[in-house]
Amino acid sequence: MPIWIKDPAALQARFAIAPARIGLDTEFIRERTYWPQLALVQIALAGSDGEDILLVDPLVPGMAEALAPILVDPAILKVMHSPSEDLVAFKRACGVVPKPLFDTQLAAALAGIGSGLGYQKLVEQVTGVALAKGETRSDWLRRPLSPAQLEYAADDVRHLFEMHDVLDGQLGQLDRLQWLAEDAVRIVLNAENETFERWPHLSMRSAQFLEREAQHRLIRLLRWRDAYARKSDRPRTWILDNELAVALARLPPPDRAALQQQLDAHPKAPRKLGDAIWSALDTPLDDEADAPDAGMAERRDKQRLRRLQDAVATRSGELGLPDGVLASKRWLEMLLDTGEWPDAIGGWRRAALEPALAPLLAPAPG
């Protein structure tokens, strides 16, 4: 049975002697907030009398402070599965990001087992155990949690050690443990930095059809929206939905009063934020002239992109890697558009790809 931890001192006592590794997961709520609200922390411990599973209540005063030194202890490996959002939840609640990290989903991809495998599917492939799916949409902030919730939460860390043993061994045989370590460092840095997406307009298809000045206005609005959403801890689209942002960028109102009329006429508009929206819309950014043109997708050399994709697919086949692990289409587009290697395909990926891609990226003679 999992052990419910509601006293920070009880958690600290469990770590009086630090284990070499822990299995780690969280349950969080993110339906009405920008940041994930940490609701439960699951920790698997390898004890001499078998495996203990701790279910830690982070809502208890002092628990986040007790968790923090455990999460960053360099002597304790944190075995997690697809942890990106969990890391953000820990950063918000505890002020730190767990490290060092072993991501079982990423390890499975690098071992050639499969890309983006969910926890349940990977557990079944590695251990043969079929897990129940019953509590995925539970209210994890309620107390007390039901027996079904507790068992579901414990299952989320119960098999991490077995998967770690198998995947670590396979990556060792393939000489790819350093690949995983590089990727894990990048995942942790991304969570620690909480950086803005510099060019948020690129992920919006409608931005492709805007003139350059309109794209600049859209970037201003989207960056303001992201900053406001973070500060107010509300979902981005609750602040300003995409449709209205594009409409304001395409045909900006001539003055503040006209903006307010447009906001008043829109059913989901943030009418009380008119001053802030006007300021964002009307204030140029220092770097907006450097923004990539969202319309570039329409003008991109599609045959050249296809050749890059084919080269990546060939190299992936040679390495026994699933599709998308070496480089996604999005990263290849950025490489083709800018001529610069994005961080996401730097390191070992660039070393694996550059000999094949360099000739395809070279300017045409003459």
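Visitor: With which residue does Asp183 form a salt bridge, and how far apart are the closest N and O atoms?
Guide: One caution before the answer is that this is a predicted model. To read a salt bridge, we look for a side-chain nitrogen of Lys or Arg within 4 Å of a carboxyl oxygen of Asp or Glu. Here Asp183 is paired with Arg186, and 3.2 Å separates the closest N and O atoms. Both residues belong to helix H8 (residues 177–193), where they stand three residues apart, about one turn of the helix.

Visitor: Which salt bridge links distant parts of the chain?
Guide: The side chains of Arg21 and Asp165 meet in a salt bridge, with 2.8 Å from N to O. Arg21 is in strand S2 (residues 21–29) and Asp165 in helix H7 (residues 160–173), so that this pair joins parts of the chain 144 residues apart. Asp165 is partly exposed, its relative accessible area being 47%. A further case is Glu197 with Arg330, whose closest N and O atoms are 3.9 Å apart. Because Glu197 lies in the loop between H8 and helix H9 (212–232) while Arg330 belongs to helix H16 (residues 329–338), the pair ties together parts that are 133 residues apart in sequence. Glu197 is partly exposed at 40%, and Arg330 counts as partly exposed at 48%.

Visitor: How many salt bridges does the count come to, and which residues are linked in a network?
Guide: The count comes to 20 salt bridges. Glu151, Asp155 and Arg158 are linked in a network of such bridges.

Visitor: Which residues touch the most other members in the largest nonpolar core?
Guide: A core is read by following contacts from one buried nonpolar side chain to the next. The largest has 82 residues, and those touching the most other members are Leu11, Phe15, Ile43, Val56, Leu67 and Leu357. If we set aside neighbours within four places in sequence, Phe15 is in contact with Ile22, Ile43, Leu45, Leu54, Ile70 and Ile76. Another core, of 27 residues, lies apart from the largest one and includes Tyr34, Trp224, Ala245 and Leu273. For the protein as a whole, 48% of the 366 residues count as buried.

Visitor: Which residues lie nearest the centre of the second largest pocket?
Guide: Those are Thr26, Glu27, Phe28, Tyr152 and Asp156, out of 24 lining residues. This pocket has a volume of about 720 Å³. Strand S2 gives the most to its lining, with six residues, and the lining as a whole divides into eight nonpolar, seven polar and nine charged residues.

Visitor: Where are the cis peptide bonds that join Lys99 and Pro100 and run from Arg143 to Pro144?
Guide: To read a cis bond, look at the omega angle and then at its place in the chain. Between Lys99 and Pro100 omega is about -5°, and Pro100 lies in the loop between H3 and strand S6 (101–103). From Arg143 to Pro144 omega is near 0°, with Pro144 in the loop between H5 and H6.

Visitor: What is the phi of Ser82?
Guide: Ser82 has a positive phi of about 45°, although it is not a glycine. Ser82 sits in the loop between strand S5 (77–80) and H3, and is partly exposed, with a relative accessible area of 33%.

Conventions
Residues are numbered from 1 along each chain as its sequence is written. This is a predicted model: local features need pLDDT of at least 70, side-chain atom pairs count only at pLDDT 80 or more; totals for chains, interfaces and linings use all residues. Side-chain values use heavy atoms; hydrogens and water are left out. Helices (H or I, at least four residues) and strands (E, at least two) are DSSP runs, numbered from the N terminus. Buried means under 20% relative accessible area, exposed over 50%, partly exposed in between (1.4 Å probe, protein chains only). A nonpolar core is a set of buried Ala, Val, Leu, Ile, Met, Phe, Trp, Tyr and Cys residues joined through side-chain atoms within 4.5 Å. Contact means heavy atoms within 4.5 Å. On a 1 Å grid over the protein atoms alone, a cavity is a set of points where a 1.4 Å probe fits but cannot get out, and a pocket is an open set with protein on both sides within 12 Å along at least five of seven lines; lining residues have an atom within 4 Å of a point. Grid points are joined across faces, edges and corners, and a volume is the space filled by probe spheres set on the points. Ala, Val, Leu, Ile, Met, Phe, Trp, Tyr, Cys and Pro count as nonpolar, Asp, Glu, Lys and Arg as charged, and the others, Gly among them, as polar.
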